[in-house]
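Morning, everyone. Please have the chain up on your screens.

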Amino acid sequence: MAIRTRLAVWYTGVTAGILLIYLLLSWALLHTQLFRELDRQLAERAEEVRRDILRRTDLRMALEEGLIRLPTTSLGAPPVYLQVVRGNESVTARSANLDGWRLPLDMDLMAVNLQGRAGYKTITMEDGTLLRLYSAPLMASGRMIGAVQAGYPLQDVERVLRRAWLTLAAGGLLALLAIGGAGWWLASLALRPIDRITQAALQIASTHDLRQRLPLPRAHDETYRLVSTFNALLDRLAQVIDAQQRLGADVSHELRTPLTTIRGNVALLRRGAADDPQERRIALDAIEAEVNRMSRLVADLLLLAQADAGMQLEKQLVEMDTLLLEVYRQAQAMATVGSGGVERVTVRLGHEDQALVLGDPDRLRQLLLNLVDNAIKYTPRGGVITLSLYRENGWVRVSVQDTGAGIPAEALPHIFERFFRMPRYGRKGVGLGLAIARWIAEAHNGRLEVESEVGQGSTFTLWLPEAKDSQLS
Ligand code: ADP
């Protein structure tokens, strides 16, 4: 069932309940008040007559001999019947409008009268009509010697009540129909923006155009929030898809270049280069270098894909000073070129505190080696690379400083992006190293920062939270 129909049904149902309670209460109130007024009139009439009769001194005799006369006039628009009963069985006087007929003598009322009290009762007549009866005792020396009775046929009252009930019910039904209609209309009105959003979303889905945005409503209400959230979602989706497409293009580009080199060298070998040991070595070296490059690329891509999928690292206590020493030794090897062992750049170990962190030693080593690899790659011959480690206010700060080419300010915000490379450095790397390094830092609740000045060099700083005492045991 559509929400608007469901809302309208609920709304109408609840209103119907409230309306029904209201109608029943109104009807009950009307009923009670009508009867109270009627009873009051009956009692008033009967009491008038009773007072009149009691004023007589020869009451007993008057009753006996039927000397009492009841008023024929002023019986009023509701025909109030009056009669006087002698003892508790025979009627001694009755109003003219009774016309030979008499009010029934009810045992229950008589019993009440016998105790000196007046009472009311609704009596069903033989023809099925209802009669409201009031009976007040006539007392002489503490004994009941008769009663004055007043009666009123209830057909009219019943008719009034029935008509009132019908009017109330018909009015209620009409009100309910109107409320149901209004509820449905209001629900449609409230849900119209959702329809518009659905239409727009369907259009975006069918045209595959993620640049489209939904128009924001003017009022800052729930719909506004829904539309802005939807638009923000589209922004994010467009970014992700864009990044995905760029990644696809970058990956295929990165794979095409080594494949071309490999294919070229294979062709060279086929054409006879394999016969000349010198040429063969050069061709095989080139093939090996490209295969290594491709393997690295695939491994890096796999790692980033796992990182995106939320891979958890296996952490343990790591002595960062020992790890940095290992990286330093490896860096020295990397900085040394050729079989003569000439150092292209100098790698130095600067200040080194002892520090423990909770982390994955392989990933941390990979991070630092990426930084060192970059420093060596982008520092010209004769440059200096300094590794240092400080403990500072619960943090472990590891820095890799070089005296290399530096990074221009406009490139700095992008160097951690996947596949970002500065064009002027050619094909030295694929542009994934820093993206991986930053992910590793963040997966350790740390961060990776860079400071750089063109022509002066760069400093990459890794901040890791120091292992707490509680983690040491
Ligand atoms: P790459 O594989 O190209 O080194 P990275 O993600 O490690 O990829 O680095 C991204 C880019 O940042 C590099 O292409 C380079 O232009 C720049 N860069 C990184 N480290 C340094 C550095 N120490 N000195 C100068 N430029 C650097």
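Start with a pair of residues: serine 135 has glutamine 149 in β5 as its bridge partner. Those strands are β4, residues 130-140, and β5, residues 143-153, which pair antiparallel over ten bridges. Strands count as paired here if DSSP finds at least two bridges between them. Helices (H or I, at least four residues) and strands (E, at least two) are DSSP runs, numbered from the N terminus.

A word on the source. This is a predicted model, where local features need pLDDT of at least 70 and side-chain atom pairs count only at pLDDT 80 or more, while totals for chains, interfaces and linings use all residues. Residues are numbered from 1 along each chain as its sequence is written, and side-chain values use heavy atoms, with hydrogens and water left out.

Back to that sheet. It is open, with five strands in the order β2-β1-β5-β4-β3, and its pairing is antiparallel. At the edges are β2 (90-94) and β3 (119-124), each pairing on one side only. Neighbouring strands are turned by 30 degrees against each other on average, direction ignored. Axes are lines fitted to C-alpha atoms, for helices over the stretch in contact, and angles run from 0 to 180 degrees between N-to-C directions.

Which helix packs on this sheet, touching β1, β3, β4 and β5? Helix α1, residues 3-54, whose direction makes about 30 degrees with that of β4. Contact means heavy atoms within 4.5 Å. Helix α4, residues 155-207, lies across β4 and β5 and runs at about 45 degrees to β5.

Next sheet. Again open, five strands, in the order β9-β11-β12-β14-β13, but with mixed pairing. β9 (346-352) and β13 (447-453) are the edges; each has a single partner strand, so one side of each is left without a neighbour in the sheet. The twist averages 15 degrees from one strand to the next. β9 and β11 (residues 384-392) run parallel, joined by five bridges. Within that pairing, valine 347 has isoleucine 385 in β11 as its bridge partner.

Helices pack here too. α7, residues 320-335, touches β9, β11, β12 and β14, at about 165 degrees to β9. α8, residues 361-377, touches β11, β12, β13 and β14, at about 25 degrees to β12.

Now domains. The chain is divided into domain 1 (3-160), domain 2 (222-307) and domain 3 (312-472). Those bounds come from an automatic or database domain assignment. The C-alpha centres of domains 2 and 3 lie 23 Å apart.

Last, the second largest pocket. How much space lies in it? About 560 Å³. A pocket is an open set of points on a 1 Å grid over the protein atoms alone, where a 1.4 Å probe fits, with protein on both sides within 12 Å along at least five of seven lines; lining residues have an atom within 4 Å of a point. Of its 20 lining residues, Ala243, Leu247, Glu417, Arg418 and Ala435 are the closest to its centre. Domain 2 and domain 3 each give at least three residues to the lining.

Notes. Grid points are joined across faces, edges and corners, and a volume is the space filled by probe spheres set on the points.
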